[in-house]
Amino acid sequence: MMNYSYTLLIPLLPLIIFFFLGLAGHKLKPMAAGIIGTLGLGVGAILSYYTAFLYFFTTARVGGALPAIEAFKVVWLHLTDKLVINLGILLDPISVMMLVVITTVSLMVHIYSLGYMKGEKGFQRFYAFLSLFSFSMLGLVLASNIFQMYICWELVGVSSFLLIGFYYEKPSAVAACKKAFIVTRFADLGFLIGILILSFITGTFDFVTLTNPTGPAITHVGGITFMGLSVITWSLILVFIGGAGKSAMFPLHIWLPDAMEGPTPVSALIHAATMVVAGVYLVARLFPIYALAAVPGLEVVAWVGAFTSLFAAVIACTQTDIKRVLAYSTMSQIGYMMLALGVSGYGGHEGLGFMASMFHLFTHAMFKALLFLGAGAIIHAVHSNYMTDMGGLRKYLPITHITFLIACLTIAGIPPFSGFFSKDEILVAAFEHNKILFFIEYFVAGLTAFYMFRLYFNVFWGKETQYHHTPHESPATMTIPLMFLAAASIFAGFIPFSELVTSDSKVFETHTEWIVAIPSVLIGIVGIGIATLLYRKENNLSDRIASGIKGLYTAAYHKFYMDEVYLFVTKRIIFNCISKPVAWFDRHVVDATMNGVAWSVNVVSEKSKGFQSGQLQDYAYWFISGAIVLVLLFVYLVH
Amino acid sequence: MIQGIPLQYFLVISTLMFFIGIYGFLTRKNMITILMSIELILNSVNINFVAFNKYLYPDRLQGLFFTLIVIAVAAAEAAVAIAIIINIYRNFKSIEVDNVNEMKY
Amino acid sequence: MFYLLSGMILIFSVMTVTSRRILRSAVYLLFVLVATSGIYFMMNYNFLAAVQLTVYAGGIVVLIIFSILLTSHISERAKMAGIKQSLLSALAVVAGAMLTLIVIFRYSFVRSSQQAIAYDVKTIGRHLVSYGSDGYALPFEVVSILLLAAMIGAIVVARKESKIK
């Protein structure tokens, strides 16, 4: 048996670098801080690849399944005999896969930021926060214990807060980071309640015990029910709410578009590849319980995912800020992943959805990071975020152009790029489970191709805008990650995922179902075709269509007024009906009691002040009265 | 012993005189009238001592001597009090007891 | 005789404390003191009565009248205390009086069984300066020092501020 305890270094290195850069970073030269941060992630990436190689290819299978290995464990809180919170590292197909994803994307972002953030104030602070984020995310995926995962979950939220609000002098950035933190924190309340219920029922926090098909979580099914669903189902739905907040599912998605206020490398790392998939990872981690004991929960997951992907795709068709188009695209793709998990069963071919979801997670991380980094290169060249300020950039930014095109083709699902394979598996899984869901996703695939190519053509083709100064290609530190990620997007499709990451860690055979694959490719090509028609050359066809469906267009442009609804609910209902009375109570009853005590003391003292009036006769009066009372006491009342 | 007059009558007289003196002390505004009330009190005490001496302890002179001493002390005290009142009159231009109230809160 | 004297005492003492004119209060005080010495005479305490008349009625009341003349207008009407003060003091006084009277009438006074002695001046004088077990030399000396101190004190307090040249 291999000794995997070196994996402790993988999350620990970024943590140490965070403390070092956080405390002493401003004394270093910026480039030195950047190099240190990048090196830490570089070592982490090499160790992750090594671990993946060891785990997937050399570990002996137990009963045909890859074992879950606890590489490290230390007891942290010993609450009762059964309820123990440990801190440890759990190596498992999905966690090792996530290790590879996170360290790769993080390393690419670190290298990219050396060029992108050059000259920015707070460069060292940026790298410190990036390291903190890497540590938290790695801790989250390697957690062996649901409480440890919750701790790292919150840490990830904090790092996201710090990174979105990196330009803290901009009020919009401050508002955005607050919004992100509050919305995800609110969702985490559901997560916490779910954890508590789950651990109460099963008596343990440990993942291996919880997800054991013969363990207490799953065999405990016949138990208390509440409104028709078992308690386990309710707890898992609550846990999913937490995941939905982090993964920007409807209706907790409002923070993701605003989070684009952060620097572009942050958007690439956090809001495309890693943090937003934490919700998917959570469901995947607890998948055995979902699939075997809480199937109604899976239905909820599937429908929420499907609705979100449709909702986001419609909005993305109307946005003009390129980062926001990409944000909504992320939402839509994560909806795909959730859907895939939701339609999956457990074990063998039933678990196709699970495998497809993880596969799509992997490929999505690569091409979405590529898209965001490419957008960063474009913004760096043009100094604006808006499509209206761009056009005809393919002459000026060749490398960016090619890599961006590769990414767009991938996301549209054109073979032989990786997106085709992963999306195809999802569509097959949906097809076998529920035809309605399949048709929704099928339509969304077409929309995806449409809006991505709308973005592509508006930026790189179309009428040339007069630029203030000629846009120039980015430096090597920015283009090398782009090329690496493009290569990953192309070749990742050929990884035999069904041998590596499956619902029960056993191998099963997959093959391309042409009955689903061919229509999906066709609708992708249709979407690309429509986009080419409308946007390749300068014309007003798009405007005429937009004015034809005016109502829907306006609603989609304003993101279906979700933000306004939220503001209404919080301001009118919560603030006025709940917060104001509570505040009134606090001010007038609680404070009034304290003030009343002070006031009464004051009154008493004012009255007692009269005893020292300086009036001789008052003193004499009290003297005489006191003497009389004393005599009375001693003569009559004391025997 | 005086025929027909029990001890208690003297005590009653002295008690009433004592409490009338106290009433005057507590009620009058002019400092000199307060001094006069004090003299009333002292006199009542004197009557008390003399009565006890006569009725209960006719073989000793303690009551008598105590009364003599009390009279001497009362004289001394009246002198000093008058001196203080004159001083106050010079400083405050009034001998109302309500005006001499500077040692207060 | 006793009732006459005691009635005088009570009536005049009440009038002392309630009179509006200060000089009249002083005169009523004089009458009270004279009546008191009458009681002493009644009890055969001749020396004491004489001392009372001399010191109190002759000395203190004169002193008081002088100070009244020094510090106020003769026909000035004195201000009396307000209702609240009068009522409260009356209450306290009445309570105290009742208490004391009850105690007096409940207690049984025991008379000593010794032989009475005379109260003439010779006996008083002898006792005043003897320092045996029945002598009062020490209080006598102490009182004389007290009178000295009081005299000096009164002079110091009441003299005019000396102007520093």
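**Chains B and C**

I started with the B–C interface: 67 residues of chain C are in contact with 58 residues of chain B (contact meaning that the C-beta atoms of two residues, placed from the backbone, lie within 7 Å). This is a predicted model, where local features need pLDDT of at least 70 and side-chain atom pairs count only at pLDDT 80 or more, while totals for chains, interfaces and linings use all residues. For my own bookkeeping, residues run from 1 along each chain as its sequence is written, and chains are lettered from A and ligands numbered from 1 in the order in which they are written.

Next I looked up what chain C brings to chain B. Elements giving two or more residues are α1 (2-18), α2 (22-42), α3 (46-71), α4 (83-106), α5 (121-129) and α6 (137-158) of chain C; helices here are DSSP runs of H or I, at least four residues, numbered from the N terminus. The largest share, 13 residues, is from α3(C). By class I get 46 nonpolar, 19 polar and 2 charged residues on this side of chain C (nonpolar: Ala, Val, Leu, Ile, Met, Phe, Trp, Tyr, Cys and Pro; charged: Asp, Glu, Lys and Arg; polar: the others, Gly among them).

**Chains A and B**

Then the A–B contact, which takes 10 residues from chain A and 10 residues from chain B. On the chain A side, helix α26 (residues 616-637) has the largest share with 5 residues. That side splits into 4 nonpolar, 5 polar and 1 charged.

**Cores**

I checked the largest nonpolar core, and of its 202 residues M358(A) and A369(A) touch the most other members. A core is a set of buried Ala, Val, Leu, Ile, Met, Phe, Trp, Tyr and Cys residues joined through C-beta atoms within 7 Å; buried means 20 or more other C-beta atoms within 10 Å of the residue's own, with C-beta atoms placed from the backbone. Helix α16(A) supplies the largest share of this core, 21 residues. Leaving out residues up to four places away in sequence, M358(A) touches I94(A), M97(A), A284(A), F497(A) and V501(A). I also found a second, separate core of 64 residues, which includes L35(B), L64(B), Y45(C) and A92(C).

**Helix α20 of chain A**

Last stop was α20 (residues 476-491) of chain A: its 16 residues reach 22 Å from first C-alpha to last, close to the 22 Å expected (1.5 Å times one less than the number of residues). Its buried residues include M478(A), L482(A), L485(A) and A488(A). I see the buried residues of α20(A) packing against α3 (93-116), α16 (352-382), α17 (398-412) and α18 (418-433) of chain A.

Methods
A residue is buried if 20 or more other C-beta atoms lie within 10 Å of its own, exposed if 12 or fewer, and partly exposed in between; C-beta atoms are placed from the backbone.
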